[in-house]
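Hi there,

Here is the structure I promised to pass on to you. Have a look at it first, and then read my notes below.

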Amino acid sequence: MMKRKVIPIKRMKESVNKDTQEILFSYYGYSSPQELRFDWGIPLILAAITFLLVGLVSKNNTIILNTIVDINSASLNVMAILAGFNTASLAVIASTNRDTLRVLYSAGGNSTTVKKEDDNKQNKFRQIFEKILFDKEFLDFENSSDGNNHNILKQVLTFFSYAIVMQLIILVLGSIFVVLNKNAQQIYLLLGIISGIWAKVILSILGTIWFAIILHSLFVSIRNVSLLYRYILYLAKQSKQDS
């Protein structure tokens, strides 16, 4: 009886979330310092001011917690709608004729040139924070140059894909928070044990972070509307030139 030869299966060394990680890092690579300040700076300031005022006027910690619950509940439907919008925008981009896609794929933005990515994630995080210190122009369809691996098409896809990823993450975490809030009696007791002022500080910090992430997703989608606007105008101009 012949023995069956067992062929060993090589285990995948790459993470199953490799593409998601690439989208997240590419977003920070392609975004200019001005765009990052718009996407993160303004939401952080608004969230901090909001929970500072809530903390000052609230007489007990449950008011702050209820504020977080209300923000979370209101954001879930909005995130689902925005995720649908960004997905539809990707469909619009994908439906572009092949010749235009080929041009966008072969054209790299001279104003959004990104250095070759390092495999060391620590260096990537360092580059993200250091980038705030330097200026870079916004994504420009008209003034583009050939020979750049970070082509215009990938940059556009990155911004919309990043928004979808962030909104889905918010939906997952927000849903978990809703489930936990159904059994929040133990949380109320724990916050009472910690002490009033420290519980208020902890809740305010958590609320600020969560609200800032939600606002960040909204601001990214606002910027994507502008990007889609410029993209469609660019397609119209290309169509007019070809005709």
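**Salt bridges and helix packing**

Three salt bridges are counted in this structure, which is a predicted model. One of them pairs Glu 22 with Lys 154, whose closest N and O atoms lie 3.1 Å apart. As background, side chains of opposite charge can pair when their charged atoms come close.

Now to the helices, which I took pair by pair. Two packed helices are described by the angle between their axes and the distance between the axes.

On the α1 side the contact is made by Tyr 27, Tyr 28 and Tyr 30, and on the α2 side by Glu 35, Leu 36, Asp 39 and Trp 40. By class, that contact has five nonpolar residues, two charged and no polar.

Next along, α2 packs with α3 at an angle of about 145 degrees, and their axes are 10 Å apart. Here Phe 51, Val 54 and Gly 55 of α2 meet Ile 64, Thr 67, Ile 68 and Ile 71 of α3. The residues of this contact divide into five nonpolar and two polar, with no charged residue.

Helix α3 (residues 61-94) also meets helix α6 (residues 152-181): their axes come within 8 Å and cross at roughly 150 degrees. Angles over 145 degrees count as roughly antiparallel, and α3 and α6 are therefore roughly antiparallel to each other. The crossing of α3 past α6 is left-handed. In this contact there are 19 nonpolar residues and nine polar, with no charged residue.

Last, a word on confidence. The protein chain has an average pLDDT of 76, and 68% of the residues score at least 70. Where is pLDDT under 50? One such stretch is residues 109-119, for which the model has 28 contacts beyond four places in sequence. Another is residues 136-140, also with 28 contacts beyond four places in sequence. Where pLDDT is low, the predicted coordinates should not be read in detail.

Best wishes

Conventions: Residues are numbered from 1 along each chain as its sequence is written. This is a predicted model: local features need pLDDT of at least 70, side-chain atom pairs count only at pLDDT 80 or more; totals for chains, interfaces and linings use all residues. Side-chain values use heavy atoms; hydrogens and water are left out. Axes are lines fitted to C-alpha atoms, for helices over the stretch in contact, and angles run from 0 to 180 degrees between N-to-C directions. Helices (H or I, at least four residues) and strands (E, at least two) are DSSP runs, numbered from the N terminus. Angles under 35 degrees count as roughly parallel, over 145 as roughly antiparallel, 65 to 115 as roughly perpendicular and the rest as oblique. A crossing is left-handed if the near helix is turned anticlockwise from the far one by less than a right angle, and right-handed if clockwise. Ala, Val, Leu, Ile, Met, Phe, Trp, Tyr, Cys and Pro count as nonpolar, Asp, Glu, Lys and Arg as charged, and the others, Gly among them, as polar. pLDDT is the predictor's confidence in each residue, from 0 to 100. Contact means heavy atoms within 4.5 Å. A salt bridge is a side-chain nitrogen of Lys or Arg within 4 Å of a carboxyl oxygen of Asp or Glu.
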